[in-house]
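Please walk through this structure with me, from the inside of one chain out to the place where two chains touch.

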Amino acid sequence: MIIPQLSVFLENKSGRLTEVLEVLGSENIRITALSIADTSEFGILRLIVPDAEKAKKLLKVQHFTVNISEVISVSAPNEAKYYAKVLKILSDLDISVEYTYAFSHGSKSIIILRCSNNEQAIGALKDHEMELLNASELYKI
Amino acid sequence: MEIWNRHFECMDRSELRKLQSERLIETVERVYFNVPYYRHKMQEAGLGPESIHTIDDLGRLPYTTKQDLRDNYPFGLFAVPMSEIVRIHASSGTTGKSTVVGYTRNDISTWSEVMARTLTSAGANRNDFIQIAYGYGLFTGGLGLHYGGEKIGASVIPISGGNTMRQIQIMHDFGSTMLACTPSYALYLAEAIQESGISREELKLRAGVFGAEPWTENMRREIESKLKIKAIDIYGLSEVIGPGVASECIFQEGLHINEDHFYPEIIDPETLLVLPEGSVGELVFTTLTKEGLPLIRYRTRDLTRLTREKCRCGRTMVRMEKCLGRSDDMLIIRGVNLFPSQVESVLLEMSEIKPHYLLIVDRINNLDTLELKVEVDEAFFLDKISQLETLRKKIQDNLESSLGLGIKVTLVEPKMIERSEGKSKRVIDKRKY
């Protein structure tokens, strides 16, 4: 249920994101999800790709600072109340969400979460019969 | 034109040489018998106090460097018991091992004397109100000017550095006639005055003594035209005594060195040979009267040249040109000395980063700014913004607490900082002197 996510450190300079995507594009790497967290000076690009290790190597060769972090993914109807429910389950158990992002797929919302304790979060979401996605299911989207 | 101490400042040069020789002999005896470091160094060179007969023998003595002061931190080179020391200052901006200087009562009196000469040569007298906007504290600037100002009987305003609006208010209300600070602060103040709405006619300022950092003739013209004052260059370093080592007179044709107290030589920083008069090289000082911390052939790392031609003002003391640069990589930021290696050692103490860095020095609105770019280390890069922000803040805090300088820290991607064979480029100084 744990999904590897690629994190890339980027300076806030125009053209840097393009370069990352061109490096990945040169090897026809598919991107399932992408999100950016930024400050005025730097940002962190977060990517879910089917072969995270390969993508990491490609970027490392080009001197990017890359790491693989772990996230979990939930599929829920794409209405705000379901997103709220997911977060409430976690907060009720004092599991903090470090960050989250989501995208729509048909009538579903695919939610990506990074929690203070991913294992515990998985258990809690399962207990509430939420639909968790594993990596291969996510890549098929 | 006033000269504070005509007897010494206008002394016949052959008489001066005699005085310098006598004083050198005394100094060498003092350090030989009281400072083990100097005794060992002289013995290694096969020298004793009897080897020195005149000032011409000075060249036989070994050099002293800032590193020697650090190696003997804090009081190892003092030549008197601590009970004789009445004041301690320390140089700014170092990682624990700053250079510490000690003064006896006589040294303080010498310092006041040379500062009285400095202020008098800048045209000051007992009727002046001297606003001292140099920092007070371990830095020698504030107190050096302070004692000189009192010695000539001027009304001293010890406002210290910073707080620009208050500086302007006091300057206006008290009727300051002279200003003492770093040249970059003088320019900053000039612009702040223009913006404050106080008209120049309401101020009584007529001259300023500026030093503690390198500045150009262009900067002088800018200060003079913006503040409508005469801007006098003064020179000193804490190791030798502080401000008061040398100062321009109102003709502004080089800085008169108080060579009855501080004997200058110009050497080639590579070969260490003494260069003939008029050549540009590194300035070296031997103190001739100091008791607390006498220095033999101390390498200042400042580059300049000397002339012994008599000045129009009547002083016979040797003159040095405005400093032309440094023979090492020391930076002077807002009057604080900074070696890139000090930044490096702060970074090396932090396990989260590798010391790949670039220092960018600039001058924005006449104030020096310092930015440090540090590469993010992959081993430490997890994917949290908060963690990176915390790291950035930690680097900034560590630098500030050990260097005493606010430095803007920016995290950059790896390999963005140029690597080169051997000595890599660690500093970009965009300031225009």
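Ala231(B) is in contact with Gly208(B), Phe210(B), Arg220(B), Ile223(B) and Glu224(B), leaving aside its neighbours within four places in sequence. Two residues are in contact if their C-beta atoms, placed from the backbone, lie within 7 Å. Ala231(B) sits in strand 7 (residues 230-237) of chain B. Helices (H or I, at least four residues) and strands (E, at least two) are DSSP runs, numbered from the N terminus. Ala231(B) is buried, with 25 other C-beta atoms within 10 Å. Buried means that 20 or more other C-beta atoms lie within 10 Å of the residue's own; exposed means 12 or fewer, and partly exposed is in between. From Ala231(B) to Thr104(B) the C-alpha atoms are separated by 32 Å, and the two residues are 127 residues apart along the chain.

A word on the model and its labels. This is a predicted model: local features need pLDDT of at least 70, side-chain atom pairs count only at pLDDT 80 or more, and totals for chains, interfaces and linings use all residues. Residues are numbered from 1 along each chain as its sequence is written, while chains are lettered from A and ligands numbered from 1 in the order in which they are written.

Now the cores. In soluble globular proteins, nonpolar side chains tend to be buried together. A nonpolar core here is a set of buried Ala, Val, Leu, Ile, Met, Phe, Trp, Tyr and Cys residues joined through C-beta atoms within 7 Å. The largest one has 85 residues, and Ile130(B), Ile132(B), Ala180(B) and Ala186(B) have the most contacts inside it. Helix 8 (residues 183-196) of chain B gives the largest share of this core, six residues. Apart from it lies another core, of 50 residues, including Leu338(B), Leu359(B), Leu370(B) and Leu391(B). What does Ala186(B) touch, leaving aside its neighbours within four places in sequence? Ala186(B) is in contact with Leu179(B), Cys181(B), Gly208(B), Phe210(B), Ile223(B) and Leu227(B).

Next, helix packing. Two packed helices are described by the angle between their axes and the distance between the axes. Axes are lines fitted to C-alpha atoms, for helices over the stretch in contact, and angles run from 0 to 180 degrees between N-to-C directions. Helix 7 (residues 164-174) of chain B packs with helix 8 of chain B at an angle of about 75°, with the axes 10 Å apart. Helix 7 of chain B and helix 8 of chain B are therefore roughly perpendicular to each other. The cut-offs are these: under 35 degrees is roughly parallel, over 145 roughly antiparallel, 65 to 115 roughly perpendicular, and the rest oblique. Helix 7 of chain B makes the contact with Thr164(B), Gln167(B) and Ile168(B), and helix 8 of chain B with Leu189(B), Ala192(B), Ile193(B) and Ser196(B). By class, this contact has four nonpolar, three polar and no charged residues. Ala, Val, Leu, Ile, Met, Phe, Trp, Tyr, Cys and Pro count as nonpolar, Asp, Glu, Lys and Arg as charged, and the others, Gly among them, as polar.

Chain A has a helix pair too. Helix 1 (residues 16-25) of chain A and helix 2 (residues 52-61) of chain A pack at about 120°, with their axes 10 Å apart. Helix 1 of chain A and helix 2 of chain A are therefore oblique to each other. Val20(A), Val23(A) and Leu24(A) of helix 1 of chain A meet Ala55(A), Leu58(A) and Leu59(A) of helix 2 of chain A. The contact of these two helices has six nonpolar, no polar and no charged residues.

Turn to the loops. Asn28(A) lies in the loop between helix 1 and strand 2 (33-38) of chain A. Asn28(A) has a positive phi of about 55° although it is not a glycine. Is Asn28(A) buried or exposed? Asn28(A) counts as exposed, with 6 C-beta neighbours inside 10 Å. Arg297(B), in the loop between strand 11 (281-287) and strand 12 (298-304) of chain B, has a positive phi near 50°. Arg297(B) counts as buried, with 20 C-beta neighbours inside 10 Å. A cis peptide bond joins Tyr73(B) and Pro74(B), with omega about -10°.

Last, the two chains together. 15 residues of chain B are in contact with 16 residues of chain A. Helix 11 (385-403) and strand 20 (408-412) of chain B each supply at least two residues of the side of chain B that touches chain A. That side divides into eight nonpolar, one polar and six charged residues.
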